[in-house]
Amino acid sequence: MFFIQLIPGAISEILASVTDTGSLTLADRYGLMAAVLDDSLDEQDRHSLNRLLRSVLKGKVKIVNDLSAMC
């Protein structure tokens, strides 16, 4: 069994990155996976996460296979 732990401040960093680039990278997606699996996520981070996922579903954010936005 794997232990996945969200890095503090990761959700806000992912949101800032996606806002700058308009794309969700592979590293961002792993961070989101950790966030979804984190039972201790506070309400504000959960709301931000949901808003980001809705943006992906609406096509406002594209999913790329780059490891990070700097590639």
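Which elements are included in what covers the buried residues of helix 1? In this predicted model, the cover includes strand 1 (23-24), helix 2 (26-37) and helix 3 (43-57).

**View 1. Span of helix 1 (residues 10-21).** Helix 1 comprises twelve residues. At 1.5 Å a residue, these should span 16 Å, and the end C-alpha atoms are 16 Å apart, which agrees. Just after helix 1, Gly22 adopts a positive phi of about 75°.

**View 2. The buried face of helix 1.** Ala10, Ile11, Ile14, Leu15 and Val18 are the buried residues of helix 1. Viewed down the helix axis, they fall within an arc of 135° and therefore line one face of the helix. An α-helix has 3.6 residues a turn, so residues three or four places apart point the same way. Strand 1 (23-24), helix 2 (26-37) and helix 3 (43-57) are included in what covers these buried residues.

View 3. Between Thr19 and Leu52 the C-alpha to C-alpha distance is 9.7 Å, while the two residues are 33 residues apart in sequence.

**View 4. A nonpolar surface patch.** Ile4, Tyr30, Met33, Val36 and Leu37 make a nonpolar surface patch of about 480 Å². Among these contributors, Tyr30 is located in helix 2.

Terms used
Residues are numbered from 1 along each chain as its sequence is written. This is a predicted model: local features need pLDDT of at least 70, side-chain atom pairs count only at pLDDT 80 or more; totals for chains, interfaces and linings use all residues. Side-chain values use heavy atoms; hydrogens and water are left out. Helices (H or I, at least four residues) and strands (E, at least two) are DSSP runs, numbered from the N terminus. The expected span of a helix is 1.5 Å times one less than its number of residues. Buried means under 20% relative accessible area, exposed over 50%, partly exposed in between (1.4 Å probe, protein chains only). The arc is that of the directions from the helix axis to the C-beta atoms. Contact means heavy atoms within 4.5 Å. Patches are made of residues with over 30% relative accessible area and no salt bridge: like charges are joined within 9 Å, nonpolar side chains (Val, Leu, Ile, Met, Phe, Trp, Tyr) within 5 Å. Accessible areas come from the Shrake-Rupley method with a 1.4 Å probe; for residues, only the protein chains shown count as cover. A salt bridge is a side-chain nitrogen of Lys or Arg within 4 Å of a carboxyl oxygen of Asp or Glu.
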